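Please load the model in your viewer and keep the sequence panel open beside it. We will go from stop to stop, selecting a few residues each time.

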Amino acid sequence: MSPTPITELLHPSVSATGQHLRFILASGSQRRRDIMGLAGLTFIVQNGPGGEAEIGPNDEPDARQLTVRNAEIKLKAAIAANRDRVPWNVVIIAADTTVAIDGHSLDKPTDTSEAKAMLHELRGRQHDVITSVAMSYAPLRQRGEILSHSVVSQVTMRDYGDDEIDRYIATEVPYDRAGAYGVQDSDFNPARSVHGCYLNVVGLPLCAVRGLLPPEACTFAHAHVYTTCAAHEGGDTS
């Protein structure tokens, strides 16, 4: 599903009950766009510079707080970029994901050596994947309020070989992945098992989105999100 053109989103034809909720996704992640589309949500992408710079593990050692702070930074930038032109029934949403192991967070690798080091550290071991979702909608926006929620999943990696690591890094895919891997990358197939929300590991836990949505104003969105989320959360996928 492709993002909706901004002209359509900002001038929607909606019912008075707000059933047809629209979204602004403050993220450049293609994986988050895919998940939003999978859930049948109408959205545009608002991704670009503005506001406070995102922080890294050196700035915030607590993995959950790191993702909360970055998600809120992205959200505030999107709110500022769309100020005074967002209809009342549009939800602005942002997310941030990190991989946590041995008490520290793994960001996206910047070069081959970092990618190799991360994949070697994760190999054959369990780690946490933490995603925080930040959200704001009317009337919260008018009050400057933000809602946020964090989801943690446990991922156990398989014992992949050094040659597999080299081939995977050669694709340059790991450079766009926290922890240098994507659980959905079928050619590398890095994970032996995922316990918890699978979509959280991909980058956008719909269970968190569902929990933050205003229940009285978006039954349409809840229905689509719940159906998609229920197919991907809970239990061990090994």
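Predicted model: local features only at pLDDT ≥ 70, side-chain atom pairs only at ≥ 80, totals over all residues.

Start by selecting Ile44: with a relative accessible area of 3%, Ile44 is buried (under 20% relative accessible area is buried, over 50% exposed and in between partly exposed, using a 1.4 Å probe and protein chains only). Ile44 belongs to strand β2, residues 42–45. Helices (H or I, at least four residues) and strands (E, at least two) are DSSP runs, numbered from the N terminus.

Residues are numbered from 1 along each chain as its sequence is written, and side-chain values use heavy atoms, with hydrogens and water left out.

**Zoom out**

Show the whole protein as a cartoon and you can trace nine helices and seven strands. Of the 238 residues, 50% are buried. Among contacts (heavy atoms within 4.5 Å) with a separation of 6 or more, 70% are between residues 24 or more positions apart.

**The aromatic cluster**

Next, select Tyr160, Tyr168 and Phe188, which form one aromatic cluster. How many aromatic pairs does the structure hold? There are two. Rings of Phe, Tyr and Trp (its six-membered ring) pair if their centres lie within 6.5 Å; planes under 30 degrees apart count as stacked, over 60 as edge-to-face and the rest as tilted.

Look at Tyr160 and Phe188: this pair is tilted, 5.0 Å centre to centre with 45° between the planes. The pair links distant parts of the chain, 28 residues apart, with Tyr160 in the loop between β6 (147–157) and α6 (162–170) and Phe188 in the loop between α6 and β7 (191–195). Both are buried, Tyr160 at 1% relative accessibility and Phe188 at 4%.

Turn to Tyr168 and Phe188: the ring centres are 4.1 Å apart and the planes lie at 15°, so this pair is stacked. Here too distant parts of the chain are linked, since Tyr168 is in helix α6 and Phe188 is in the loop between α6 and β7, 20 residues apart. Tyr168 is buried, at 7% relative accessible area.

**The cores**

Select Leu119 and Tyr181, the residues with the most contacts inside the largest nonpolar core, which has 47 residues. Such a core is a set of buried Ala, Val, Leu, Ile, Met, Phe, Trp, Tyr and Cys residues joined through side-chain atoms within 4.5 Å. Beyond its neighbours within four places in sequence, Leu119 touches residues including Tyr160, Tyr168, Tyr181 and Phe188. Apart from this core lies another, of 12 residues, among them Ile24, Ala78, Ile92 and Ala134.

Finish with Cys197 and Cys207. Cys197 is buried at 6% relative accessible area, and Cys207 is buried at 18%. A search of the whole structure finds zero disulfides.

Note on methods. Disulfide = S-S within 2.5 Å.
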